[in-house]
Amino acid sequence: HYWGVWHGGDEFSSFANNVGRFMSEYGMQSFPSPATVDYFCPSEEQDIDSDIIKSHQKASLGNGNIMKYISMYYNEPKDFSSFVMLSQIMAGEAIKVAVESHRMAMPYCMGSLYWQLNDCWPGASWSSLDYFGNWKALHYYAKKFFSPLLICADIQLDTLNIYVVNDGELIKNSKILITLYDFKGNLVFEDLVIMDINANSSTNVFSYKKDKVLNGLNTKNVMLRTSIYEDENIISANDYFLEKPKFLKIDEQNFNINVEKVDSVYNIDIEAKSILNRLHALCLDGSGVFSDNYFNMLPGEKRKIQFIPSEKFNGSTEFDPRLEFNSVLGLCS
């Protein structure tokens with residue numbers, strides 16, 4: 001167990017310095033989805049200091065600790081709803097750092113279990129699924145960081161190390177692509193290697209001096225994108241910023257959304273007009289799962305995702321979902 005992050009106030013980077021043979025408990029609190037908050041708290045009482053919100057927080061360190069960690073990494077939330085969503089994104093980032101640290105340390109570390117999976121009542125907790133089964137940001141993150149094949153980065157003060165972790169079988173002739181983009185979407189660095197990815201392995205495939213990769217650019221203005229290709233198809237990808245989100249020089253968020261219902265599924269087309277840090281979609285009046293969520297986008301990039309409604313909240317999948325889209329910048333003052 002390692003609880004220096006959350007209980008001890010340690011930064012996320014401390015996960016990498018506290019890796020055991022099997023990591024069986026660690027976590028970060030966040031609030032449930034806004035729809036679930038609406039279920040137990042009227043809108044006029046939705047404030048971090050209200051009696052109802054405090055009564056749905058059973059941790060000894062409570063909401064003050066959530067805000068403490070949000071403040072470490074993000075600018076001040078615009079309002080209570082933004083606080084809720086930033087808590088989820090912050091928790092997703094925390095556990096992403098933890099699990100990737102554990103998996104890169106394979107075979108020294110051969111297991112990683114975050115606390116916790118789900119909730120038995122609606123409130124703030126360490127869960128990745130809320131009371132109604134809504135996927136919090138952490139659950140979307142977990143779908144990726146627990147994928148059998150994972151490409152990830154260990155970012156040191158002056159060095160970037162790129163690892164490929166494979167819990168599956170041998171993959172022959174894969175393409176490992178490392179790119180760095182500025183916030184206008186310009187490619188400023190690229191490296192490619194073709195290699196076999198061994199079964200049951202963690203391999204350091206690239207090691208760079210940051211100065212070489214940055215080529216004179218400021219770390220506040222770039223995004224690192226790592227990808228593995230097999231037969232021209234991306235089979236693993238991961239993005240990183242080289243500074244805490246509150247220090248990034250992102251001046252605007254701009255994107256286009258088109259939603260179309262086909263049978264019982266909602267197809268969503270997203271086009272980024274600016275750099276987007278953790279663009280996310282929410283259903284504000286029901287439950288359901290998005291095929292992908294909480295991802296970064298470069299200017300000009302397009303993505304297609306789907307929303308599949310669930311009956312857990314409304315008792316039926318036949319409702320007209322009120323969908324909302326935002327990114328980290330739109331949540332902060």
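I looked up the salt bridges first, taking a salt bridge as a side-chain nitrogen of Lys or Arg within 4 Å of a carboxyl oxygen of Asp or Glu, and found that the structure holds 13 of them. I note that this is a predicted model, in which local features need pLDDT of at least 70, side-chain atom pairs count only at pLDDT 80 or more, and totals for chains, interfaces and linings use all residues. Residues are numbered from 1 along each chain as its sequence is written, and side-chain values use heavy atoms, with hydrogens and water left out.

I then turned to R225 and D239, whose side chains meet in a salt bridge at 2.9 Å, N to O. R225 lies in strand β6 (residues 222–230) and D239 in strand β7 (residues 233–241), so the pair ties together parts 14 residues apart in sequence; strands here are DSSP runs (E, at least two residues), numbered from the N terminus. I recorded both R225 and D239 as buried, where buried means under 20% relative accessible area, exposed over 50% and partly exposed in between (1.4 Å probe, protein chains only).

Next I checked K304, which forms a salt bridge with D269, the closest N and O atoms being 2.7 Å apart. K304 sits in strand β13 (residues 302–310) and D269 in strand β9 (residues 265–272), so this pair links parts 35 residues apart in sequence. K304 is exposed at 68% relative accessible area, whereas D269 is partly exposed at 27%.

Last, I looked at R303, which pairs with D292 in a salt bridge, with 3.1 Å between the closest N and O atoms. R303 is partly exposed at 22% relative accessibility, and D292 is buried at 18%.

Terms used. Helix = DSSP H or I, 4+ residues; strand = E, 2+ residues; numbered from the N terminus.
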